[in-house]
Amino acid sequence: MTHDHAGTTGPRLRGVLDTLPAYTPGRPAAAGADAPSYKLSSNENPYPPLPGVLATATAAAGEMNRYPDLTAAALTAELADRLGVPQSHLATGTGSVGVAQSLLHATAGPGDEVIFAWRSFEAYPIITQIAGATAVTIPLLPDESHDLDAMADAVTDRTRLIFVCNPNNPTGNAIRRAELERFLDRIPTSVLVVLDEAYKEFVRDPEIPDGIEIYRDRPNVAVLRTFSKAYGLAGLRVGFAVAHDPVAIALRKVAVPFGVSHIAQEAAIASLRSEDALLERVENLVAERTRVFDALVAQGWTVPETQANFVWLRLGDRTQAFAAACAEAGVVVRPYGDEGARITIGEKEANDLFLEVAGRLVGGAA
């Protein structure tokens, strides 16, 4: 009988699991007996599903005894038509994070390097370690933006993939077309650059490019999108990548078979067909974002110009106390260690509660 290093018997597991950081979901809102509590910690769309989308998903649930379409053919056809891309350039997965993990499985392993800004989407270091690759993290600039020059300088012959989160989660700011194209011109064509555009629908700055335009004549660029945020299907887990054939084919090879459920596929199609109503809700969220941003600036906060559905406050060692004060007031926000807090734009009532706390705590000890 073989014993492991701790002297106990059992399956021998990978050592990397001992150092793997855990993904931290946004805390749910606490149910208050005498006052409502709001969850602004997960970048969710606060609106319930559109009636037509809910009806479609409910009808699809009646077929849950059947396997979903392995190829998500109907959804793929709908996306290809809407985006003006070949169907062969599309690959679906369990949210954009599921597709991101597939991208790593297809490109990187032990000895390979993956570059991304930090702080950025917290799944990047986790899925990089799971793949056995080495994360190369490039600190954000003082204004919270990507240091694209440093990221390009960090490329070596071991670099396989670069994540560019645009707009960036959790800081909200975004990279404009000219600087992004300058960066891409510096990256070897053998390195895959992934433009993670989970918050694309919230962008209003015309200088921030649509990644689909960028990918068309750059075979080493892939674009990630999701139905979790603007489309409000976070609970159904459906996202997709747009990439040229070699990458898209590889993604379909490594994907978990039947990963995107039949309900998710049908709800996503219905959401695309209800886009006008959905994007009207997004417009309302953008207006609330502007109101919250302007109020924070008026209070005296320094806030990155956000193009997503959240705002970021760089709080340093005040972060946890600030989050606790918000929770006490009935608003759950997302703290990041001793760096800062991300606050999702939610219902007007929730945003007002957050702004009241922020107004009390600006400039002083939380």
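# Questions about a pocket and a strand

Student: How do the residues of the lining of the second largest pocket divide into nonpolar, polar and charged?

Tutor: This is a predicted model, in which local features need pLDDT of at least 70 and side-chain atom pairs count only at pLDDT 80 or more, while totals for chains, interfaces and linings use all residues. A pocket is an open set of points on a 1 Å grid over the protein atoms alone where a 1.4 Å probe fits, with protein on both sides within 12 Å along at least five of seven lines, and lining residues have an atom within 4 Å of a point. Ala, Val, Leu, Ile, Met, Phe, Trp, Tyr, Cys and Pro count as nonpolar, Asp, Glu, Lys and Arg as charged, and the others, Gly among them, as polar. On that basis, the lining of the second largest pocket divides into 12 nonpolar, 13 polar and 2 charged.

Student: Which residues of that lining lie nearest the centre of the second largest pocket?

Tutor: Residues are numbered from 1 along each chain as its sequence is written, and side-chain values use heavy atoms, with hydrogens and water left out. The lining of the second largest pocket holds 27 residues, and those nearest its centre are Thr92, Gly93, Leu251, Ala255 and Val256.

Student: Which element gives the most residues to the lining of the second largest pocket?

Tutor: Helices (H or I, at least four residues) and strands (E, at least two) are DSSP runs, numbered from the N terminus. At least two lining residues come from each of β2 (90-93), α3 (95-107) and α8 (245-254). With 5 residues, the element that gives the most to this lining is α3.

Student: Turning to strand β6 (residues 192-196), how many of its residues are buried?

Tutor: Buried means under 20% relative accessible area, with exposed over 50% and partly exposed in between (1.4 Å probe, protein chains only). Leu192, Val194 and Asp196 point one way from β6, whereas Val193 and Leu195 point the other way, and all are buried. Strand β6 is therefore mostly covered under this cut-off, and the number buried is 5 of its 5 residues.

Student: Which residue in β7 stands opposite Leu195?

Tutor: Two strands pair if DSSP finds at least two bridges between them. Strand β5 (residues 159-165) runs parallel to β6 and is joined to it by 5 bridges, with Val164 opposite Leu195 of β6. Strand β7 (residues 221-226) also pairs with β6 in the parallel sense, over 4 bridges. In β7, the residue opposite Leu195 is Val223.
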